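User: I would like to know what stands behind some of the terms used for this structure. Please set each value against its cut-off.

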Amino acid sequence: MATIELIDLTKYFRGVKAVDGVSLTVREGTLFGFLGPNGAGKTTTLKMMAGVLKPTRGRILIGEKDIAREPGAVKHKLAFIPDHPFVYEKLTAAEFLHFMADLYALETGPPLESEIERLLALFHLDGWKNDLVEGYSHGMKQRLVLCAALLHRPEVLIVDEPMVGLDPSGSRLVKDIFKEEAARGTTVFMSTHSLEVAEEVCDEIAIIQAGKIRAQGSPDDLKAEAGVDGNLESIFLRFTERNPNSHDVLHSSET
Amino acid sequence: MFFILLKPKITGFRNQVFRADGKHGKRALVLGILGSCFLAVIFLLSCRILLSFQSVELIGDFLAHKMLNMVLLTLFSLLVFSHIISGLSNLYLSNDLEFCYATPASVQELFAARAVHTVLDSSWMLLVFGLPVFMAYAYVYRPGISFYVSLIHLNLAMIFIAAGIGILVIMALVSIFPANRTRDIVVLLSLLMGVVLYVVFRVLRPERLMNPDAFFSVTEYLSTLRGTDSPYLPTQWISEALWSTLGHHAPKSLLFNSALAWSTAGALTVFSIWSAGSLYFDGFSKSREAKKKRGEKRILMRAVDRFLPLIFGRETAAIMLKDIRAFFRDNTQWSQLLLLGALVVVYLYNFTALPLDKSPIRLDFLQNELAFLNMGLAGFVVSAVSARFVFPAISGEGYAYWIIQSSPLPLQRLLRAKYLFFLLPMVILAESLVVLTNVLLEVSPFIMVLSVSTMLLLVPGIVALGVGLGARYPDFRSENVAKAATGFGGLVFMIISALFVAAVIVLEAGPVYILFSAQVNGVKISPFTWFFVFCSFFLALVISGFVTGKSLKMGRRALENYE
């Protein structure tokens with residue numbers, strides 16, 4: 001399994017600093033929560049980690065391999081789940097999963113077929129597997145993307161706002177799966193607005209604001225550092241109080 | 001509320017214009033210059049035709065009047081059709097409609113605001129295609145101010161009538177079928193209509209009207225011209241009214257025909273707003289009902305599924321298979337093949353209609369010369385078809401492009417898959433065009449071999465240019481993939497592709513002339529000339545290889561740096 005290491009990660013969008021020298025290390029098997037207000041730089045950081053955006057400066061090491069130098073090898077270990085589940089509308093769920101299996105060069109044959117069946121059943125999509133994705137609801141598409149992400153058994157899961165569009169049972173299912181994956185040694189790096197979700201499932205949390213990491217540690221460490229008693233909400237508010245010297249950064253990738 | 005609903009469109013447009021950065025400004029400038037050139041060409045052509053009409057005694061004005069009629073009828077048909085298409089997206093499929101329906105605006109207010117969007121989206125073509133023709137009339141006939149005033153208000157009336165008809169048609173269609181199906185139906189119908197019109201237009205050969213000698217008698221000629229006359233057509237009223245302002249009729253005709261046009265426009269506007277009260281919300285609600293569609297697996301697809309990975313490798317085949325499925329499951333995509341079929345038929349028909357026997361040049365020489373020029377023409381046709389299909393290939397990944405970006409698939413393999421996907425169909429199209437035309441022209445074996453090999457040189461380069469520039473100027477956010485081809489990138493592709501075709505043809509022209517002349521005159525070719533011939537062909541090969549390699553490399557780099 002793999003650790004995640006971000007070293008001085010920086011990203012500019014047309015001269016505006018969206019991510020500002022982020023450095024952090026996530027141990028393997030950790031369920032890591034990445035919290036921050038809107039436009040703080042969460043999605044940009046995640047997209048750089050998934051190889052979807054190029055950093056302006058800094059390095060991203062996944063299992064000690066640099067994504068810039070060995071993108072193919074690193075991406076084999078990764079799975080990215082974006083906040084908007086855009087998939088190919090004219091494919092069926094089964095065809096989409098076979099397509100993903102081809103992209104990740106998974107071994108074909110009965111084990112792959114049974115894994116696809118298992119995942120579709122797990123996410124309650126087995127009754128829809130031969131229907132075109134264009135007829136799916138937002139939540140169903142989100143579940144399909146989760147299926148695809150788990151298909152190649154990634155060592156690192158990078159997840160952007162995983163609960164958006166999911167119903168309570170879907171949301172419960174996803175939380176349980178992330179916990180199971182982390183227990184198996186998969187490193188889960190998850191950005192979320194939901195402090196309840198972060199408090200419930202995350203082993204460790206980082207709070208980002210205006211592109212900079214404001215705090216990092218376990219929920220208990222953060223409570224101690226913030227000097228507040230109570231839930232994660234008060235800690236979050238304490239760390240993200242508007243700093244007169246900083247400004248909220250809004251840019252195209254942070255939707 | 002009606003004006004508030006229009007605000008986002010107006011403000012959005014203002015922001016687009018005044019907040020455009022340098023890159024967008026430059027693009028707008030290039031497009032503006034090219035657009036102006038286009039307008040100038042139409043103006044000059046129209047002037048040329050009108051002046052040539054004036055030189056025909058007795059019936060010169062009659063011909064000019066008929067042409068005005070035809071122009072207005074064509075513009076009106078285009079306007080109605082354009083209102084149907086953009087009415088469907090503005091009134092039923094836009095993403096912000098749910099938000100608008102949730103506001104306290106009444107259905108009629110919302111409808112009226114959306115109808116204005118539709119009119120604005122659709123009527124620009126009147127300005128682009130119509131204005132230079134009308135100005136040509138003004139240049140030739142030197143009318144008074146009444147012509148310009150009438151031109152403005154009568155064109156407005158025509159837009160209102162076309163909008164009324166188009167919007168009523170789309171409201172009726174959506175109330176019968178769900179909007180998603182309606183889009184398919186409209187696209188299919190319009191394509192079929194386009195194909196039929198195109199073929200009929202070519203078979204009728206309107207250019208014969210310029211040549212009255214081609215007709216058996218004056219009566220036959222005049223009856224052909226009278227084809228478009230009908231007192232019930234709005235274009236007839238507008239044409240009569242405009243014609244009277246050009247100084248050929250009494251003002252009574254202007255008033256009467258203007259009144260006819262405006263009363264119809266007013267009636268249609270009122271009637272469509274009234275109909276919207278009962279039809280619009282029902283149709284909109286229907287358009288939100290997604291229909292469950294099964295992904296069928298046909299026998300042919302199963303075979304492709306099995307063999308493609310064996311030929312191209314698993315990753316490349318995966319992309320190609322995905323694209324094949326998406327193409328044939330999207331009615332708006334595959335149906336364009338009908339248009340392509342019509343294009344080939346008309347292309348070939350034009351060669352059968354050539355009056356070769358009337359030419360003063362030797363027939364065999366002319367046939368081979370035409371076949372040589374045909375290679376360039378076929379190259380341009382392949383470029384135009386590539387602009388529609390190949391150039392938008394990368395943009396076709398759409399919002400789902402993140403899947404490719406986050407996967408271990410190297411980007412050159414994505415480009416290779418797109419390239420290979422289009423290469424074979426484009427080679428088949430190009431070779432069909434040149435081989436069938438050559439057969440019709442009965443050319444020499446040398447020209448046949450040359451045509452086939454030139455196409456084999458040109459097509460890989462054109463397809464690579466399409467894929468590469470498509471990657472250089474991608475549009476992953478457009479709802480309609482074909483839109484990518486109409487932007488700045490599409491224009492760049494067409495220009496470079498045309499230059500590439502011209503370069504190869506020019507390089508081949510010299511040696512072909514030498515070889516053909518030697519063959520016809522029975523002259524022996526010197527070793528130095530052979531060297532020149534070889535160098536020219538070799539250079540054409542090098543250019544083709546360079547364009548292919550460089551385009552794909554540029555595309556890969558662009559995608560690597562895409563944000």
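Analyst: The model is predicted, and the terms are taken up in turn below.

User: Why is A210(A) called buried?

Analyst: A residue counts as buried if 20 or more other C-beta atoms lie within 10 Å of its own. A210(A) has 22 other C-beta atoms within 10 Å, so A210(A) is buried. The residue is found in the loop between β9 (204–209) and β10 (212–217) of chain A.

User: What makes β6 (78–81) and β10 of chain A edge strands?

Analyst: The order of the 6 strands in this open sheet of chain A is β6-β7-β8-β3-β9-β10, with mixed pairing. Each of β6(A) and β10(A) pairs on one side only, and these are the edge strands. On average, neighbouring strands of the sheet are turned by 15° against each other, direction ignored.

User: How do you know that β3 (residues 31–35) of chain A pairs with β9(A)?

Analyst: Pairing needs at least two bridges between two strands. There are 4 bridges between β3(A) and β9(A), so the two strands pair. They run parallel, and G33(A) stands opposite I205(A) in β9(A).

User: What packs on this sheet?

Analyst: Helix α6 (residues 168–183) of chain A does, touching β3, β7 (156–160) and β8 (187–192) of chain A. The direction of α6(A) makes about 145° with that of β8(A).

User: Which residues of the largest nonpolar core have the most contacts inside it?

Analyst: They are F96(A), L97(A), L144(A), C147(A), I158(A), F189(A) and V467(B), in a core of 142 residues. At least three residues come from each of domain 2 (293–329) and domain 3 (341–560) of chain B.

User: What does V467(B) touch?

Analyst: Leaving out residues up to four places away in sequence, the contacts of V467(B) include V390(B), I394(B), L415(B), Y419(B) and L552(B). A second, separate core has 52 residues, among them L72(B), L151(B), V174(B) and W243(B).

User: How many residues of chain B are in contact with chain A?

Analyst: 25 residues of chain B are in contact with 27 residues of chain A. On the chain B side, α13 (314–329) gives the most, with 7 residues. That side divides into 9 nonpolar, 5 polar and 11 charged residues.

Terms used: Residues are numbered from 1 along each chain as its sequence is written. Chains are lettered from A and ligands numbered from 1 in the order in which they are written. This is a predicted model: local features need pLDDT of at least 70, side-chain atom pairs count only at pLDDT 80 or more; totals for chains, interfaces and linings use all residues. A residue is buried if 20 or more other C-beta atoms lie within 10 Å of its own, exposed if 12 or fewer, and partly exposed in between; C-beta atoms are placed from the backbone. Axes are lines fitted to C-alpha atoms, for helices over the stretch in contact, and angles run from 0 to 180 degrees between N-to-C directions. Two residues are in contact if their C-beta atoms, placed from the backbone, lie within 7 Å. Ala, Val, Leu, Ile, Met, Phe, Trp, Tyr, Cys and Pro count as nonpolar, Asp, Glu, Lys and Arg as charged, and the others, Gly among them, as polar. A nonpolar core is a set of buried Ala, Val, Leu, Ile, Met, Phe, Trp, Tyr and Cys residues joined through C-beta atoms within 7 Å. Domain bounds come from an automatic or database domain assignment.
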